[in-house]
Amino acid sequence: MTAAPLTVVVVGGVAGGMSAATRLRRLDESAHIVVFERGPEVSYANCGLPYYVGGVIEDRQALLLQTPASLHRRFRLDVRVRHEVERIDTTAKVVEVVDHGSGRRITQPYDRLILATGARPRRDEPDAVTPTRSLRTVEDADVIEAALTRPGLPVVVVGGGYTGLEAVENLVARGASVTLVQRGEQLLAPLDVEMAAPILAEVRAHGVDVRLGVRVQEVAATGVTLSDGSVVPAEFIVDASGVIPEVGLASAAGIRIGATGGIAVDASCRTSAPDVFAVGDGVEKQDLIGGGEALITMAGLANRHGRLVADVIAGRQEAARPAVGTGIVQVFGVAAAKAGWSEKQLRAAGRDFYAVHVHPASHAGYYPGSETLSMKLLADPASDRILGVQIVGRDGVDKRVDVVATAMQAGLPAAELAHLELAYAPQFGSAKDAVNILGSVAENTRTGTTPSLQWHELDDAVAAGATLIDVRSPAEFAAGAIPGARSIPLDELRERIDELPAGPLVVHCQVGLRGHVATRLLLQHGREVRNLDGGYRTWCDATGASR
């Protein structure tokens with residue numbers, strides 16, 4: 001006797017839901033697959049929305065990846081937009097749905113249910129006289145785009161994360177006068193302060209009024225009042241203050257919600273309810289570094305987990321890999337990327353780590369267009385396991401963070417980065433790639449070959465009696481120096497060792513390489529010495545000093 005075809009209901013489209021639905025169809029031609037999406041679009045490029053606002057993406061239709069009609073033609077999916085699932089009965093295995101087009105209510109049974117309800121803006125859009133939108137849907141983008149009626153229109157963007165920065169760049173491209181309001185003391189909170197500093201400098205260099213450490217306290221007809229009492233003009237507000245998991249439907253059905261606030265799932269994305277799965281931004285993921293559960297809202301994970309659920313429903317044994325949270329953003333030509341944990345996270349968790357900063361060239365320096373990268377690696381001092389990486393620069397950021405993220409997933413120790421065989425031609429990299437340099441410095445740091453000092457440890461070291469030696473050229477020193485530093489250029493150091501005062505030394509150069517050479521030289525002359533990790537450039541970024 002032939003088994004009856006499965007009925008699979010998917011709640012929510014876009015990345016997770018549509019990946020699950022289309023993958024399942026490729027595995028099971030007989031399944032009855034129904035997708036309910038409460039919005040007007042079921043499959044769109046939400047990561048492209050800021051660039052539609054900015055005019056980079058000119059054709060609105062390019063954002064609409066699939067329609068209910070195209071999905072039915074190719075995959076025989078029953079896709080119903082403007083249909084909202086209002087209740088799940090996990091005992092009877094039915095969902096109750098309202099059709100917002102007709103007002104009709106229906107009950108749809110299921111054999112398997114996939115929740116892809118995503119996340120919602122952290123704050124509901126206020127009923128204020130100043131129009132306010134998030135930037136998560138095509139409708140949001142349409143409203144913002146239509147509001148940009150003239151050059152110089154004052155717009156306030158709330159939130160300095162990935163979406164907020166993309167919104168800022170594209171609003172500036174449209175001629176808006178933009179104020180960026182960030183509750184924290186830095187932009188891009190996932191990064192450490194010294195790594196986020198170049199982004200702040202770039203945003204301000206493009207005329208954006210950045211307000212840090214404040215929040216919107218009151219919205220009026222002509223602007224917003226901030227928590228420091230200042231008033232900022234605004235005829236439109238873009239709310240990019242973050243998202244929270246959309247779990248109301250699951251919670252009301254008795255499905256377990258995890259400690260992070262996301263839907264709790266096992267390694268195969270099963271929820272606590274029988275035959276109910278969940279994927280996407282509203283779901284907890286296992287964190288590779290901490291081992292526990294975390295909220296990681298990345299489109300790539302939603303796509304992969306949607307595919308995984310389809311495999312499991314089709315009878316395959318699959319488990320989600322722990323996530324490293326690899327992400328990247330670009331604003332005004334400067335890109336910032338991160339994978340794994342930051343130093344802030346490691347300190348808060350009480351984890352042991354060591355850190356290295358390097359500033360290599362994006363490709364061979366003699367080939368035109370080479371740019372300086374800022375790279376930070378965090379690793380475990382006992383196992384040399386890579387715990388995190390942050391990279392900022394104008395060129396080559398994406399491929400470097402991808403290499404290190406892959407190494408993290410593969411379990412390669414930090415020192416092994418020095419031995420990776422990476423593609424080289426002068427327009428793409430250097431014979432010793434930036435990632436190789438990162439690994440070499442990590443190995444020197446962990447083994448004590450080059451004892452190092454972090455930028456935030458320098459003041460205490462000097463207060464304890466260390467002498468700071470600047471081994472850059474006299475011209476570099478004259479152009480800007482760390483207060484209290486003594487100038488002895490590297491090429492003169494051997495002949496001038498006798499001039500060095502007794503006691504511990506800290507040496508530094510511009511980015512760390514000459515400091516490394518000086519440290520090795522002085523160690524072999526019996527001196528107690530440490531190299532200021534990342535050199536003058538990292539110190540400037542961290543302290544806000546001009547380079």
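In this predicted model, helix H3 is followed by Arg 76, whose phi is positive, near 55°. Helix H3 itself runs over residues 68-75. Its buried residues are Ser 70, Leu 71 and Phe 75. Seen down the axis of H3, these buried residues fall within an arc of 100°, so they line one face of the helix. The cover over them includes helix H1 (14-27), strand E4 (64-66) and strand E5 (78-81).

H10 spans residues 397-410. At 1.5 Å a residue, its 14 residues should span 20 Å. The end C-alpha atoms of H10 are 20 Å apart, which agrees with that expectation. Buried in H10 are Val 397, Arg 400, Val 401, Val 404, Ala 405, Ala 407 and Met 408. These residues cover an arc of only 155° around the axis, which puts them on the same side of H10. An α-helix has 3.6 residues a turn, so residues three or four places apart point the same way.

The buried residues of H10 pack against several elements. Four of these partners are strands: E23 (327-331), E24 (334-340), E26 (374-379) and E27 (386-393). Helix H11 (434-447) is also packed against them. The face of H10 turned away from the buried side carries Thr 406 and Ala 410, which are exposed. After H10 comes Gly 411, with a positive phi near 80°.

Backbone angles were then considered at other sites. Most residues other than glycine have a negative phi. Val 14 is not a glycine, yet its phi is positive, about 55°. Val 14 is found in helix H1. Its relative accessibility is 19%, and buried means under 20%, so Val 14 counts as buried. Asp 275 is not a glycine either, and it has a positive phi of about 65°. Asp 275 sits in the loop between helix H7 (248-252) and strand E20 (276-278). With a relative accessible area of 29%, Asp 275 is partly exposed.

Another loop residue is Gln 317. It lies between helix H8 (299-313) and E23. Gln 317 has 75% relative accessibility, and exposed means over 50%, so Gln 317 counts as exposed. Along the chain, Gln 317 and Leu 521 are 204 residues apart. Their C-alpha atoms are separated by 57 Å.

Rolling a probe the size of a water molecule over the atoms shows where empty space is left. The largest cavity holds about 40 Å³ of space. Helix H2 (49-53) and helix H5 (162-173) are the elements that give two or more residues to its lining. H5 provides the largest share of that lining, three residues. The lining consists of Pro 50, Val 53, Leu 135, Ile 144, Ala 167, Asn 170, Leu 171 and Val 238. By class, seven of the lining residues are nonpolar and one is polar.

Definitions and conventions. Residues are numbered from 1 along each chain as its sequence is written. This is a predicted model: local features need pLDDT of at least 70, side-chain atom pairs count only at pLDDT 80 or more; totals for chains, interfaces and linings use all residues. Side-chain values use heavy atoms; hydrogens and water are left out. On a 1 Å grid over the protein atoms alone, a cavity is a set of points where a 1.4 Å probe fits but cannot get out, and a pocket is an open set with protein on both sides within 12 Å along at least five of seven lines; lining residues have an atom within 4 Å of a point. Grid points are joined across faces, edges and corners, and a volume is the space filled by probe spheres set on the points. Helices (H or I, at least four residues) and strands (E, at least two) are DSSP runs, numbered from the N terminus. Ala, Val, Leu, Ile, Met, Phe, Trp, Tyr, Cys and Pro count as nonpolar, Asp, Glu, Lys and Arg as charged, and the others, Gly among them, as polar. The expected span of a helix is 1.5 Å times one less than its number of residues. Buried means under 20% relative accessible area, exposed over 50%, partly exposed in between (1.4 Å probe, protein chains only). The arc is that of the directions from the helix axis to the C-beta atoms. Contact means heavy atoms within 4.5 Å.
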